[in-house]
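Visitor: Hi, could you walk me through this model?
Guide: Happy to, here it is.

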Amino acid sequence: MSEENQFQPRIAAFFCNWCTYGGADLAGVSRLQYPPNFRAIRIPCTGRMSPKFILQAFRQGADGVWVSGCHPGDCHYIAGNMYARRRFTILKNLLEYVGIEPNRLHFSWISSAEATKFQQTAIEVIESVRALGPATRMVKDIRRVA
Amino acid sequence: MTQKITSRPVGAVMVVGGGIAAIQASLDLADSGYYVYMVEKSPAIGGVMSQLDKTFPTNDCSMCILSPKLVEAGRHPNIKLITLAEVQDVQGAEGDLTVKVLQKARYVDLNKCIACGACAAKCPKRIPDEFNQGLGKRKAAYVKYPQAVPLKYGIDAANCIYFQKGKCKACQKFCPAGAIDYEQQDQELEINVGAVILAAGFKPYDPTPYPQYAYANFANVVTALEFERILSASGPWMGHLVRPGDEAEPKKIAWLQCVGSRDLNHCDHPYCSSVCCMYAIKEAVIAKEHSHSDLDAAIFFMDMRTYGKDFERTYVGAQEHGVRFVRSRIHSISELPGGSLRLEYVTEKGQSKSEDFDMVVLSQGLEMSPDAADLCRRLGVEQNQSQFAATDSFAPVATSRPGVYVCGALAGPKDIPLSVMEASAAACAASSGLAAGRGTLITEPVEVPQRDVRGETPRVGVFVCSCGINIAGVVDVKAVMDYAATLPNVVYVENNLFTCSQDTQDKMTEVIKEQGLNRMVVAACSPRTHEPLFQETLQAAGINKYLFDLANIRNQDSWVHADDPVAATEKAKDQVRMAVAKASLLEPLTEAKLSILPKAMVIGGGVSGMNAALNLAAQGYETHVVERDNALGGNARMLRTTALGEDVQEYLIELNAKVEAEPLITVHLGTVIKNVDGFVGNFKTTLVGDSGEELLEHGVALICTGAGEYKPNEYLYGQDPRVMTHLEIDQAVLGGELDLSKINKAVFIQCVGSREPERPYCSKVCCTHSVESALAIKEANPEAQVAIIYRDMRTYGDRERLYQQARSKGVIFVRYDPDTKPEVVTEGDSLVVKAQDPILQRTIVLEADLVGLATAIVSHKDEHLAQMFKIPLDQDGWFLEAHVKLRPVDFATDGVFMAGLAHYPKPLEEAVSQAQAAVSRAATVLSRSEMMLPGTVAWIDQRKCVGCGVCWTVCPYQAITQDDNGLAVVNEALCKGCGTCVASCRSGAPNLRGFSNQDVLAQISVMLQG
C-alpha cells in the first residue's frame, strides 16, 4: 500500500493532566514529530477514566483508544493510576471477549518529562491500530441494521 | 535608618538563590502574607534539581515534581523574580534592611519575548551548554532549559557575535515579537525588605585536581552530575545510556565514592557530602533500567551512608537488583585502548586488585561555591570550618548576622527534602520578626462581581492564537476561524497574533463584555501553562472562570505535525470543535469558602513540639500544646550534648522558660487526644486530662509525638548493669551516677536493633552519638581504651570531623558484618566483647567496664492518632509525609503537619528546623481568614446512590463519608477532584464538576465528526 493510500486510523486519547498531558506538551516544545491520528481529551487523572468513555469512543467509530497516565507511585492523587490499571485490565478482557482486538486499546505510563517516550508511544499506538484496519465491531451501521 | 527601628517592620523578604530551597522559602512566605523578591544569578530558577534525572529514594522524575513549583513561583502575584542578578550589599537592621542588587542585562525584553525560540534557531553561534554540563551545545541566544521559569530567552553577550564583533543581529531580525534589545543596560536596584534568606546552594566538586582519576583527560570518566544529564530524557542523548567518548552503550560502569569528600589530601574537604551514597545507588539502578544489556554496575565505597528515610531499603534493594558494592580504596585509573578504563584498588582485606570498566562515574561531593562565599563575606555572614554558612543546633537557619537567614546546601551538604524543610524553616524564622508587617505589601486580587449566566443560552467566543508563526506557520488559522464560526453556540470568533500578551488580555475583556459572551474557548498553547491566565481574563470580564476551555493547537498540534499542515489544520478544527462542545456544557462553579480559625494545636511537648509552639506564638497565633507526660522536654531530657557540643540540658531549661513565659501558649500536661472531628481551618479535638474532657477548636494540627528507644534483648542487656543504651549512658552521666573519668575500657556496639530484618532502617543518629560518647570518655580519661564496633560509620556531613577526631585520639574502630555480630559475655567478673575483625581476619577480644549499645529509635506506631487525622503511617510506623521530596512536613490531609522523630530518626538540630518548617507550612493556612477551595470537586446525586461504599473506599483523601441515611456525601474541603469515585461507581451517582461524564462524553461524541 502506498503512503497516500495508507489507512489513517482515528484514535481517541485520554491523558492525565499531571503526567502524560505534560509529556505531550514537552514533545511539542522539543518539536518531536508524530502522525496526526489521535485526538486527546485531558482528564485530571487516569483514575477518572470511566470504562464508558472507552466504549463510547468505539461506538463513535474510533479505531483505537489510548489512555495514558503517571508512572506507578507518581500519581498526583496518590493512587488513581493504580485503580485505572485494575479497571482497564478487566475492560480489556471484556472487549477482547466481544471481539475488539487487544491492540485497539492501549494503556501507557508517560511522565511529564518523557517527551521522547511520548513520541515513541504515540507512533507505536498509531501503527498498531493502523495494522488492524478500521474498527466496525461496535459502530452501529444503519445500512446493516436496515 | 536608625530612627526607623521602632516603626513597623517591612513586610517583604528577599530570597537569594533560585534552587528548590529558594523556591520553597519564597512560596511559603508569599503564601503567608509577605512580598518576596527572589534574586537568582542565572537566567532562570530551578537550580541543580532541574538538572537531575531522578530523585532518590523514590526515583521520582526530578523535573516532573519540580516543574509545578517553578510555575507556581513564576506566576505568584507576590513573588518578584529578579534573574541574572546578584546581591551587592545589605544595610540596616532586621525588620528594615536595604539591599543593593545588580541585575545584568538580558538583551531580551521580558514583556515581549514569547519564547518561540526563533532567536536560538537562527543564532549562528554554538557553545558548550552549562545546563548539560558541557556535554551538549547551546546557542548564544538561549533559554537555560526547556521548562525554565521565566520561560524567556536571553543573549549571552560574552559569546554573542554581535556583541563581540559588531555584526550579525540574526536574532533581532527573526524575532517575531521585537523582543531583542541590544541597548539594555545592567541595572542597580535598591530594595527594602525586613529580612534576607540566603539559599544560594552549593557547587558540585570539580574533580580535575585528582591526577589519579584523570577526569580531565579520559573522556569516559564523568562526574555524577554529567551522568544525571546522560540519563535525563532532556539531556544530550535524550536519555540513551551512552559514554561520551564514543557514544557507545557501556556494559560495565563503576561509581567511585567520596570524590572531594572525606579527603584532606586533594582538597580541604574533611567533611562527608551526605548525599553521594544515595545518588550513586539511584544512578546505578536507573542506569541498569536504561541499559539494553545486563549492565554491570559497581559502587566502590568506604562506608555506605544510607541513613535517611527509606534509604536503607533502597540500598538493600539495589543489592538485590544486582548492583555490586565493593568496600575498597581506589588507587588509580588508567585508560585502555578503545577508551575503557582500568581501576586499581585495595580491598578491605588489603588485597590489591584491578578491574576494567567501560565508564567511570565520580561521585563528586558538594562544596561551597566561591560566589556564595563572597556573598557571605560581603554580608558579614560567618562561615564554618567547611566554608558553609555557620549556624548552631538550636537556631539551625539563623546566620551570625541578625535578619539574615540561611537554608539548603549553602549551610552544608544536604539532600532535597532536608533543603525544602530548611527552606520552610528559614521562611518561618525570617518572618517571625516581621509579623506586624504581614499583609502590608502584598497585592490582593481585585474581585470583579460575576454575572449570573445560569439559564442563558451558551454564547461561546473562540479566540484563535497565531502565536507569531508558531501556530500560524503550520496551521491555517483563517480556516480554523471560519470553521469555528460554523459551530453550534459560537457567536464570536477572533484571531490574535499573541493571545497571551497583556494588551490582548485587556482587549479580550472588552470583547467578552461587548459581545455578551458567557463561555470562552482559546485555541492556543497548553492549559497547563496558560489556563490560569485566561481564566483571570474571564474573571476580569465578570464571567465565572470555570466557563472556559483551551484547545491545545500549538504544543500538541502545530509543533508536532510541522511537516503536515493540512492534517494539522484538520486536527486544530477537531480540537476547537471538542473544546466548544465541552465549553457549551460547562456550568459556573462556586469555590467554597472555608473560614480558618487562627489557632494551632501541637501534639507532643518535646523539643520539636516546644519549638513549634514558640514559633507559632511568634507569628501571633494562639497555640495549645498537648503532652501526655507530666513534663515537657521529651527525649531531649536524656541527652547530654549535640554533635556540635552544645549543652542540651541548658537549652531545655531556656526553652521551658520561654514556653512558660509566652502568653499565647497553653500547655496541657498529662493529656491525651480522644477524638478529632472537622477538617482544615475547623478542627474540633476532644482532649482527656486529669480534669476530665475538654473540647479544643483549632485551625491546624502539628504532630510532634516523637519516638522511643529500642530496648534490646541481646548483648547481655538487662542482665549486666555495665551494658547500657545510649540514652541510659547520657542519663547516668547527667544524673551523676556515671563518672566517665573512671571508665578505663569502653566498647560501643552499633546498629543494635537497626538495619535488621524487623527494623530495616538506619537510626541516623547513633554513629555520631557513640563517637561523641567515645570522645567524652577520652576527654575525661585520655588513657581509656575505647572501641566502636560498627557496620558502616555514618557520621554524615560535618559529623565526619568527630569521627576523624576520635580516630586521631586513638579510639579503635572495628567493622562487623550482620552474619558475624560481636558477642558480649561475662568471664568471671569481667565483661568481654568478642568481634571478628575483617582486616585482621581473626577474633579480637576486648575487655570492657562499659558496653554502650547504639540502640535503634523506634516509632510509637500510633495508629489511633493516624486514623483520627486521616494521615498514613509507613511500614516502619513513621508518619508518612505528603511527598518525600517536596512536602516533607505536610500530609495529604490539609491543615496537618509534622516535625521531629515522629517523621523519622533525626538529630536535634533537624528536629528544631523541622518544627520551624511545620510552623511555616501551618502559617500558609493560618495567615488567611478564609480559604477558597477549587470548584472542580466531586458531588453525589443521592437519588442514584445505594450506599455500597465503593466511592469512600477508593477515595484517596477520605473525602467521602456516609450520611445518616447511609448514602455517600462529599466533603468539598477534602476533595481534590481526581474523579476516581466517579469512575468507580456502578450506579453513576458521583460526578466531577469541570470534568463531568457529560463534558467528556460530549468531547468524545464530536471528536470524530470532522
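Visitor: What should I know before starting?
Guide: This is a predicted model, in which local features need pLDDT of at least 70 and side-chain atom pairs count only at pLDDT 80 or more, while totals for chains, interfaces and linings use all residues. Residues are numbered from 1 along each chain as its sequence is written, and chains are lettered from A and ligands numbered from 1 in the order written.

Visitor: How many helices and strands does chain B have?
Guide: Chain B holds 25 helices and 51 strands; helices (H or I, at least four residues) and strands (E, at least two) are DSSP runs, numbered from the N terminus.

Visitor: And how much of chain B is buried?
Guide: Of its 1010 residues, 54% count as buried, that is, with 20 or more other C-beta atoms, placed from the backbone, within 10 Å of their own.

Visitor: Which residues touch the most others in the largest nonpolar core?
Guide: That core has 382 residues, and B:Ile197, B:Ala199, B:Cys407, B:Ala426, B:Ala523 and B:Leu702 touch the most other members. A nonpolar core is a set of buried Ala, Val, Leu, Ile, Met, Phe, Trp, Tyr and Cys residues joined through C-beta atoms within 7 Å.

Visitor: What does B:Cys407 touch?
Guide: Leaving out residues up to four places away in sequence, its partners include B:Ala21, B:Ile197, B:Val397 and B:Glu422. Contact needs C-beta atoms, placed from the backbone, within 7 Å.

Visitor: Do tell me about E17 and E18 of chain B: parallel or antiparallel?
Guide: E17 (296-301) and E18 (324-335) of chain B run parallel, joined by four bridges. B:Phe300 has B:Val326 in E18(B) as its bridge partner.

Visitor: Last topic: how many residues of chain B are in contact with chain A?
Guide: 50 residues of chain B are in contact with 48 residues of chain A. H25(B) gives the most to that side of chain B, with seven residues.

Key. Two residues are in contact if their C-beta atoms, placed from the backbone, lie within 7 Å. A residue is buried if 20 or more other C-beta atoms lie within 10 Å of its own, exposed if 12 or fewer, and partly exposed in between; C-beta atoms are placed from the backbone. Two strands pair if DSSP finds at least two bridges between them.
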